[in-house]
Structure formats: C-alpha cells, structure tokens
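Q: Hi, I'm new to this one and would like to go through it step by step. Could you put it up first, and then we start with the strands?

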Amino acid sequence: MHFRGLICSVVVSALVVFGSCPAQQPTQSPQLGGMGGIASGVAAKPIYDEEKRPITAGGFVDKGPVVFEDITAKAGLSRWIHKMGTPEKKFIVETNGSGVCLVDYDNDGWLDIYLVNGSTFDALDGKEESPHAALFRNNHDGTFTDVSVIAGVTNDRWGYGCSVADYDNDGWPDIYVGNFGKNRLYHNNQDGTFSDVAEKAGVAVDNWTPGSAWGDYDGDGLLDLYVSGYVHYDRALAEALGKDLANAACQYRGVTVNCGPRGLPGEADRLFHNNGDGTFTDVTAKAGVEDKNKYYGFTAIFVDINGDGKPDLVVGNDSEPNFLYINKGDGTFDDQSYISGFGLNKDGREIASMGIAAGDYENNGLVDFYVTDFGDDYKVLFHNDGEASFTDVSYDAGTAQLTIPFVGWGDGFLDYDNDGWLDLFMVNGHVYPQVDQHDWGTTWAERPLLFHNAPGEAKTRRFEYVPPVKGTGLADVIPARGAAFGDLFNDGKIDVIVNPVDGPPVLLRNVNPDHHHWVEMKLVGRAKSPRDATCATVYLNANGMRMRQDVLASGSYISANDRRPHFGLGDATDAGTAEIHWPDGTKEALKLSAVDRIYTIREGKGITGELCNGNPCTERKATGLVIAVPPTQ
C-alpha cells in the first residue's frame with residue numbers, strides 16, 4: 001500500500017539502493033499512506049460508533065439479516081495459524097499478508113482450500129521452523145482435513161499469493177505460489193500430491209512477486225502465466241535500518257513505522273508463454289506488457305473486457321497507476337491504462353490498489369471492477385461503459401463514503417442472496433499495529449463490509465450497506481488480507497474464506513435465509529481450448545435477465561475464487577439457457593433442465609453431469625445442444 005505522506009529521512013546509502021523518498025506533504029493537507037497500499041486522499045475525520053469504538057471495529061447492530069456465520073472451528077480450520085514476521089512489523093515484508101485459493105485438487109466435485117503462509121527472517125535463516133502453507137481437503141460434511149504435508153504443498157518459503165489453473169491440460173488443477181524469494185509451480189500429480197516444477201518450467205522468478213494470473217493470450221489452447229512484481233527488496237539494508245525502529249525514517253501521522261513501498265525500487269512484471277512441453281518463455285517485452293517503471297504490482301486478472309473473445313489483462317498497482325492491457329489478437333497487447341480510465345480514480349489520482357473484484361453487477365454483459373485500497377481514501381468501483389472504457393462511479397453507486405476509514409484487501413462480487421444481482425464484499429485490516437495506540441478512529445484488526453445490490457434501473461443501480469449483526473460473521477474483527485469466494489458446501493450459496501495476518505483463517509458460511517433458486521456450471525474445454533476453460537464467459541438468460549459470469553484463475557487480493565460460474569435465479573423455476581463463449585472462439589447455447597443443480601458441461605458435448613445437494617442427481621433430465629457456432633477465424 002502506498003504512503004505519500006510517509007516522512008523519509010533515510011541515510012544516503014539507503015537512498016542509493018531504495019531511491020529517493022517522496023516529499024513531505026503540506027501539514028494543512030496531509031496525504032497519508034502505508035505499506036501494502038497508500039492513501040492519496042487527505043486524512044479523514046475519525047468515525048466512532050455509539051460505544052465510542054472506531055467504526056472499523058464497531059458499528060454492530062442487535063438485529064438484522066444474518067448473512068454469514070463464522071464456522072472456522074466447527075469446520076476444523078482453527079488450528080492452522082498464519083504467521084508473517086514479528087508482531088512489531090518493522091519491515092514491509094511483514095505487513096502485506098497472504099492470499100487463499102479455492103481448488104478442487106482431487107477432482108471430487110468439492111472445493112478444497114489452499115492457504116498461503118508467510119514466514120520470518122529467522123525461519124529463512126534456519127533458526128526456527130518455517131510456517132507451512134495449508135491444503136485443506138473438503139470432507140463433504142462441513143469439515144476439512146489438513147493434507148498439506150501429504151500433498152507436498154507446504155511451500156516453506158515466505159508466501160504471498162496464489163492462482164489456480166490446469167496449465168498442461170491434463171484435467172487436473174495446478175497451483176502457482178508467489179513468494180518473497182523464488183516462486184513455486186505445483187504440478188498436480190493426479191494422486192493427491194503435487195511436485196514443484198517451477199525451476200524446470202522456467203517460472204521460479206526471484207525476489208518479491210506476489211501476484212499471478214493465467215490466460216491463453218495467443219489462442220494456442222495453452223494457458224500462459226503473468227506474474228506481478230512488487231518491491232525488489234534488499235533484506236540486508238532493510239534489517240540494518242530496522243534495528244532501531246525509532247530511527248527508521250518513515251512516519252504515519254507523526255508516528256514512526258516501517259518504510260515502503262514508496263522510496264523502494266519496484267520489481268518487474270513478467271509474462272511467460274506456455275511452450276506446451278512443460279516449459280515457459282519470457283515474452284514480456286515482445287507482447288507489449290513490459291512494466292518499464294517497475295510499479296508495485298499486486299493482483300492481476302486475465303478476463304475478456306471488450307467482448308471480442310480474447311483475454312485482456314488488468315493489474316492493480318500499489319501507489320501507482322493501474323494497468324489495463326487490451327489483447328490485440330496477434331500475440332501482443334495495447335496498453336490502454338490511461339485512455340480506458342482504469343489507471344486512476346475520478347480525481348486523476350493513483351490509488352493503493354490491493355484487491356480486484358471482477359463482475360457484471362448491472363447485468364448488461366460488461367465486466368466491471370471494484371478495487372480496494374488504503375484507508376483515508378474511498379475504494380473504487382470502475383463501471384464498464386463499453387469499448388474498454390471505464391468510469392469511477394463509486395460515490396454514485398454508494399460504495400465510497402463508508403469505506404474511507406477501512407484499509408481494504410480481498411474483495412469479490414457475489415450474489416449472496418441468489419436474487420440474480422451481484423453484491424459486493426470486502427475484507428479489511430490495517431498495516432500498522434501502532435494505530436491501536438492512538439485515537440485515530442482506525443484499528444489494526446477491522447471488520448468486513450457487505451453491500452447489497454439494490455433494485456433500480458440499470459443506469460442508477462446502487463449498493464446498500466448491510467450492517468453487521470452482533471455475533472455473526474460480518475462482526476468478525478480481524479486483520480484480514482486474502483479472501484476467496486465460492487460454494488464450499490455445494491448448496492448453491494457463496495461462502496467466504498479469509499486469510500488474516502498472524503492468526504487462523506476465517507470461514508464464513510452463507511446462511512442467508514432466502515429460498516431463491518440457482519445454477520452452477522463446471523466447464524470442461526476440448527483440445528483447442530484450455531481444458532479447464534479459463535477465461536470462458538457464460539451468459540445465462542433466465543428470470544427475465546441476461547447475467548454474465550467468467551471462469552477466472554485469479555482475483556480478490558492475490559487469491560483465486562471458485563471457478564464455477566454461479567447464477568442466482570430469484571424465485572424463477574426455469575433454469576434458462578446458458579450461452580457459453582469458450583476460449584477457442586466456439587459459442588454454444590444449452591437449455592438447462594432444472595434449477596438448484598451444478599452442471600458439468602463439456603465443450604461440444606453439452607451437459608455430461610449434474611449434482612443435486614452435492615451428490616449425483618437421481619433423476620437426469622436430458623437436454624441437448626441448442627446452438628453451436630464454429631470458432632471465429
């Protein structure tokens with residue numbers, strides 16, 4: 001996050017390595033920032049609830065809709081602990097937390113959970129045991145079992161982000177992990193275990209590259225890999241400066257804190273082309289996505305923005321303008337970051353972009369983005385106006401003002417009540433433990449925020465804040481970072497798994513009392529498409545609406561959500577017709593036979609499986625391929 005207001009007085013030798021620090025802002029209009037994200041707006045007036053608690057850890061209500069229940073302990077997840085550095089957080093590497101990925105690693109039709117863990121300098125030096133990442137297998141009964149060691153995915157490096165994709169088209173999902181240090185590519189061995197093939201594949205990358213994204217950018221049927229670089233971190237110099245935090249150079253609201261990312265050299269982004277033989281080739285410059293300024297990159301997503309069937313690329317940069325690259329269809333991209341309107345907010349300011357939610361919240365067929373950032377600044381809703389043009393509508397949509405005190409991280413568009421309209425969820429947590437020692441109206445641990453997509457005309461759709469009821473999941477106060485969204489219990493409701501800093505994960509089960517109908521789809525591509533259908537787009541015509549979902553390998557804050565398109569149907573009992581735009585250009589439309597089912601759909605073969613209540617349906621209602629359009633030439 002970035003801190004324009006960080007006051008820097010680093011010694012000359014540090015400036016040589018880290019680069020110059022930003023000038024101090026005028027005291028009458030301080031601009032505040034922080035690592036992992038910087039506020040480019042002025043310091044906000046503190047907000048307190050009726051019990052004089054900062055609104056980031058208060059504002060609870062006694063009664064109201066109960067949407068999420070915290071079932072962490074009940075699910076068997078509470079014994080695993082995330083650890084990132086020391087509690088003092090002297091260094092930036094100790095503050096930006098880790099992501100979480102939902103992955104059906106054993107292909108049993110149930111989502112499993114992969115939680116990335118951090119580390120400590122002592123662990124890197126062999127002075128203490130390394131914190132382990134965790135793979136939790138879904139037991140199909142509401143509980144999970146840690147199989148990390150057996151599966152061989154403990155990482156044992158300083159971990160940050162992850163993404164999920166079947167890069168070798170063998171029908172089994174693989175996991176890419178971004179680290180401080182060399183990254184890992186865990187290849188699925190199809191027997192419940194993984195092998196790290198990053199070095200052999202040529203994608204190990206070193207230093208600090210937390211984010212990753214997968215997409216077949218050149219249309220050869222093979223998934224390519226984009227890796228976002230954050231800071232090129234010089235540990236030795238950082239430790240020398242951090243031995244005495246009081247003399248460490250950087251301040252937040254007049255208090256000494258850890259330094260960065262402003263003033264630190266950035267790490268380059270990279271695009272790797274899949275060679276089809278288990279190896280990758282760096283084509284960053286050739287493809288036109290070279291980050292020459294080495295901005296501080298976090299979350300990246302491949303998704304079709306302009307509807308031409310080719311995956312485009314968005315990247316959230318901390319403290320710097322965001323990237324938006326449009327796929328030209330010839331193996332290269334056109335950098336439209338500024339002209340698209342996605343690079344900056346409505347005031348022309350860069351933001352501390354951490355998490356990116358992608359979704360069509362207006363049901364107009366266009367994918368929009370919600371980007372979380374630092375406190376003392378609003379979080380940005382980018383409305384897709386068509387033709388790869390975006391407008392910041394945060395205040396008009398009602399998602400801005402309430403978010404200002406919060407430091408936002410993982411976020412997602414999810415239809416939590418299955419009414420057919422995408423709602424918005426974000427998790428939060430500050431980066432400086434010192435905030436708890438001062439009356440600034442903010443806290444280290446913060447509660448999540450939920451916004452309900454309110455009824456109205458498409459041009460004026462707004463989100464309504466859902467207050468946190470005491471004792472429910474929305475009232476959890478945690479230093480959250482990564483978050484992933486998906487149907488973990490195959491009941492048609494979207495749940496949330498959160499990976500906080502220095503604590504156990506938090507599993508929020510969706511217990512919203514609605515009885516609305518829904519459908520989900522697991523897509524399987526054929527030979528000329530990526531087999532896991534990454535970057536496929538599905539439009540569902542049902543309940544008088546045309547809804548859109550995309551199969552994505554990454555999102556939120558350096559995390560990965562459920563890959564299965566999920567559609568709420570409200571009270572409609574007709575499941576509608578699914579129009580699938582496969583990555584190879586094929587378009588197919590299928591009539592879905594019934595509501596409240598998870599369909600397996602294979603490209604060119606139609607529906608090949610159905611789950612009801614998590615089990616194979618006892619009654620299969622045959623439905624066939626309605627339309628098949630050959631791939632676009």
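A: Strand β8 is joined by seven bridges to strand β9 (residues 174-180), and the two run antiparallel. Strands here are DSSP runs of type E with at least two residues, and helices are runs of H or I with at least four residues, numbered from the N terminus; two strands pair if DSSP finds at least two bridges between them. This is a predicted model, in which local features need pLDDT of at least 70 and side-chain atom pairs count only at pLDDT 80 or more, while totals for chains, interfaces and linings use all residues. Residues are numbered from 1 along each chain as its sequence is written, and side-chain values use heavy atoms, with hydrogens and water left out.

Q: Which residue in β9 is the bridge partner of V164?

A: The bridge partner of V164 in β9 is I175.

Q: And how many residues of β8 are buried?

A: In strand β8 (residues 158-165), eight of its eight residues are buried, where buried means under 20% relative accessible area, exposed means over 50%, and partly exposed lies in between (1.4 Å probe, protein chains only).

Q: Switching to charges, how many salt bridges does the count come to?

A: The count comes to 28 salt bridges, a salt bridge being a side-chain nitrogen of Lys or Arg within 4 Å of a carboxyl oxygen of Asp or Glu. One of them is between D62 and K470, whose closest N and O atoms are 2.9 Å apart. D62 lies in the loop between β2 (37-42) and β3 (68-70) and K470 in the loop between β29 (463-465) and β30 (480-486), so this pair ties together parts that are 408 residues apart in sequence.

Q: OK, now the backbone. Which residues does a cis peptide bond join?

A: A cis peptide bond, with omega about 0°, joins G260 and P261, and P261 is in the loop between β15 (255-257) and β16 (270-274). As background, most peptide bonds are trans, and most residues other than glycine have a negative phi.

Q: What is the phi of C535, then?

A: C535 has a positive phi of about 80° although it is not a glycine. C535 is found in the loop between β33 and β34, and at 11% relative accessibility C535 counts as buried. S556 also has a positive phi, near 55°, and S556 sits in the loop between β35 (545-550) and β36 (566-570), where S556 is buried with a relative accessible area of 1%.

Q: Last one: how far apart are P513 and V66?

A: P513 and V66 are 447 residues apart in sequence and 7.8 Å apart in space, C-alpha to C-alpha. P513 is found in the loop between β32 (506-510) and β33, and P513 is exposed, with a relative accessible area of 57%.
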